[in-house]
Amino acid sequence: MIYLRLFYFYKELTAWLMRRLVLFIVCAALFSEGRTMADNESLMRFAGNIHQFNELFPQEKVYLQFDNTSYYQGDDIWFKAFVVKSSNLGRSESGVLYVDLLSPSGVLLQQQKLKIVAGQADGRIQLVDYATGQARQLRGVRPYPSGYYEVRAYTQYMLNFEPDIIFSRVLPVYQTPDQEGDFSNPTIVSDPDRYGQERPDMEKLRDVNVTFYPEGGNLVSGLPSRVAFKAVDGNGAGLQGKLSIVTDDGQKIVAESGHEGMGSFDIIPGRRRTDATFEFNGRKFSSALPLAKGSGYVMKADMDDRKNNLTLDINRSQSRREQTIGVTVTCRGELVAFNELNMDGKEYRLSIDTKE
């Protein structure tokens, strides 16, 4: 997934980078008029800070390869772990990998500490509840109940960043079949009260739910923007239907949702909140688009894989008068491109060669 963001130069660099650990970031630093040379130096210094931050605080990533995609009660989960630096996929400097097993209700059942050797580690998770020695003597070892268990993997260093970078995988654990060796009908019977409840209650969804994702994060009044949307039912499954929007100037926009209920459309938002209607199975459901900001910048990105080219269309409000902006491109935290743009008008198109 690619994230495109605009932000102003006076934002704190360190705080922003710690909050925004994304695969691909496009950011703009904005300056006032009349200081072209000073602006260029500030832009270069800003880009250098991004590079230096990644050198001092390189991101780490963990991936676990499992021996299966599902398991039965009492099975062993065998896995191989890979721990790398995000920027160059080289060996990380961390020496200990933490692997947690969480119950379907979010309770920590097991935690392993594995030694990382040459960026790798091996391990096994036994799906049995050992509890205490005295309990085992009284009732023997019991397998965990069936359900959907979560495996998390991380290093201590990764905990300095956002929780999203922690490796997480949910694995189904089926009940032991009544007849040994008969795996034709795998079943799961939940037992939510056995280990308590640690996960927060999920928000109860309506029959049809439509969520909107403006490219770049925000809509700005009067500026053309691309908006992605996703329609799901009460269980989170994608829905295929038709979305209709009528803008302030009377223009009608129609878009259809496809794979996993996702779709997109282009819009020039006004100052008032815009309503959208999603039609599914002959019924209509109303949702509201995010309220557009009165002033700012928007960005639209188009990737042409055949030509190895990324095109950025940058638009700004009439009230924005910055002469020079900087665009930096980072991948896994590493600075890979930097451009200075002279914003003579309110629109600018930038092409970036992605061959390298």
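**Close-up views of a predicted model**

Asn308 is partly exposed, with a relative accessible area of 28%. This is a predicted model, in which local features need pLDDT of at least 70, side-chain atom pairs count only at pLDDT 80 or more, and totals for chains, interfaces and linings use all residues. Residues are numbered from 1 along each chain as its sequence is written, and side-chain values use heavy atoms, with hydrogens and water left out.

**View 1**
Asn308 sits in the loop between strand 19 (297–304) and strand 20 (309–316). Ala118 lies in the loop between strand 6 (108–115) and strand 7. Ala118 is partly exposed, at 42% relative accessible area. Here buried means under 20% relative accessible area, exposed over 50%, and partly exposed in between (1.4 Å probe, protein chains only). Strands (E, at least two residues) are DSSP runs, numbered from the N terminus.

**View 1. Three strands form an open sheet in the order 2-4-7.**
The pairing is antiparallel. Two strands pair if DSSP finds at least two bridges between them. Strand 2 (60–66) and strand 7 (120–126) are the edge strands, and each pairs on one side only. From one strand to the next, the twist averages 25°. Axes for such angles are lines fitted to C-alpha atoms, and angles run from 0 to 180 degrees between N-to-C directions. Seven bridges link strand 4 (residues 76–85) to strand 7. Ile77 has Ile125 of strand 7 as its bridge partner.

**View 2. Strand 14 and strand 15 make a hairpin.**
Strand 14 (residues 242–246) runs antiparallel to strand 15, with five bridges. Ile245 has Ile253 of strand 15 as its bridge partner. Five residues lie between the strands, and Gly250 takes a positive phi near 90°. In a regular strand the side chains alternate between the two faces of the sheet. Along strand 15 (residues 252–256), Ile253 and Ala255 point to one face and are buried.

A cavity is a set of points on a 1 Å grid over the protein atoms alone, where a 1.4 Å probe fits but cannot get out. Grid points are joined across faces, edges and corners, and a volume is the space filled by probe spheres set on the points. Two cavities reach 30 Å³ or more. Lining residues, those with an atom within 4 Å of a point, include Leu219, Ile267, Arg272 and Arg273.

Note on methods. Helices (H or I, at least four residues) and strands (E, at least two) are DSSP runs, numbered from the N terminus. On a 1 Å grid over the protein atoms alone, a cavity is a set of points where a 1.4 Å probe fits but cannot get out, and a pocket is an open set with protein on both sides within 12 Å along at least five of seven lines; lining residues have an atom within 4 Å of a point.
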